[in-house]
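Good morning, colleagues. Please bring up the sequence and the model, and keep both in view while I speak.

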Amino acid sequence: HRAYALAGPRYLTAADGADFDFERRRACYDAACCYALTGQTDEAFRCLERAVRQYGYNRLATLTTDTDLTSLRTDPRWQPLLAGMN
């Protein structure tokens, strides 16, 4: 878990320094995975929201099958996040 805890903020730094939205959305998504894996649910949702709303992440199949995000799927914020992707 320690490596994931260290990686989350680094992915966000990478997102802030990226030149293209596809790089930003991927870095935010990866940060969300790290935060979810370390039990930082609020931060994971903030990163996913940023990836989806700000940078256009739209891979619904990935979101719904990625085991890194399993802990988020029972949270009340999960369904609205998915609904907002349409």
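Predicted model: local features only at pLDDT ≥ 70, side-chain atom pairs only at ≥ 80, totals over all residues.

Thr-41 has a relative accessibility of 23%, so the residue counts as partly exposed, given that buried would require under 20%. Thr-41 is found in helix α3. Which residues does Thr-41 contact once its neighbours within four places in sequence are left aside? They are Leu-72, Asp-75 and Arg-77.

Let me turn to helix α3 as a whole. The helix has 14 residues, and the distance from its first C-alpha to its last is 19 Å, close to the 20 Å expected at 1.5 Å a residue. Its buried residues are Ala-44, Phe-45, Cys-47, Leu-48, Arg-50, Ala-51 and Val-52. You will note that a charged residue, Arg-50, is listed among them. What do these buried residues pack against? Their partners are α1, α2, α4 (60–65) and α5 (78–83). After α3 comes Gly-56, which has a positive phi near 80°.

I take next the pairing of α3 with α2. Helix α2 covers residues 21–37 and helix α3 covers residues 41–54; their axes come within 8 Å and cross at roughly 165°. The two helices are therefore roughly antiparallel to each other, and their crossing is left-handed. On the α2 side, the contact is formed by Arg-25, Cys-28, Tyr-29, Ala-31, Ala-32, Tyr-35 and Ala-36. On the α3 side, the residues are Glu-43, Ala-44, Cys-47, Leu-48, Arg-50 and Ala-51. By class, this contact holds 10 nonpolar residues, no polar ones and 3 charged ones.

Now to helix α1, residues 2–17. With 16 residues at 1.5 Å each, α1 should span 22 Å, and its end C-alpha atoms are 24 Å apart, which agrees. Ala-7, Gly-8, Leu-12 and Ala-15 are the buried residues of α1, and what covers them includes α2 and α3.

How do α1 and α2 pack? The angle is about 160°, and the axes are 8 Å apart. That value makes α1 roughly antiparallel to α2. The crossing of this pair is left-handed. From α1, the contact draws on Tyr-4, Ala-7, Gly-8, Pro-9, Tyr-11, Leu-12, Ala-14 and Ala-15. From α2, the contributors are Arg-24, Ala-27, Cys-28, Asp-30, Ala-31, Cys-34, Tyr-35 and Leu-37. These residues divide into 13 nonpolar, 1 polar and 2 charged.

The remaining pair is α1 with α3. Their axes come within 12 Å and cross at roughly 20°, which makes α1 roughly parallel to α3. This crossing, too, is left-handed. Leu-12, Ala-15 and Asp-16 of α1 meet Glu-43, Cys-47 and Arg-50 of α3. The contact comprises 3 nonpolar residues, no polar ones and 3 charged ones.

To conclude, I return to orientation. Helix α2 is roughly antiparallel to α3, α1 is roughly antiparallel to α2, and α1 is roughly parallel to α3. Thank you for your attention.

How values were computed
Residues numbered from 1 in each chain as written. Heavy atoms only, no water. Axes fitted to C-alpha atoms, helices over the stretch in contact; angles between N-to-C directions. Helix = DSSP H or I, 4+ residues; strand = E, 2+ residues; numbered from the N terminus. Parallel < 35°, antiparallel > 145°, perpendicular 65-115°, else oblique. Left-handed = near helix turned anticlockwise from the far one by under 90°. Contact = heavy atoms within 4.5 Å. Expected span 1.5 Å × (residues − 1). Buried < 20%, exposed > 50% of the residue type's maximum accessible area, 1.4 Å probe, protein only.
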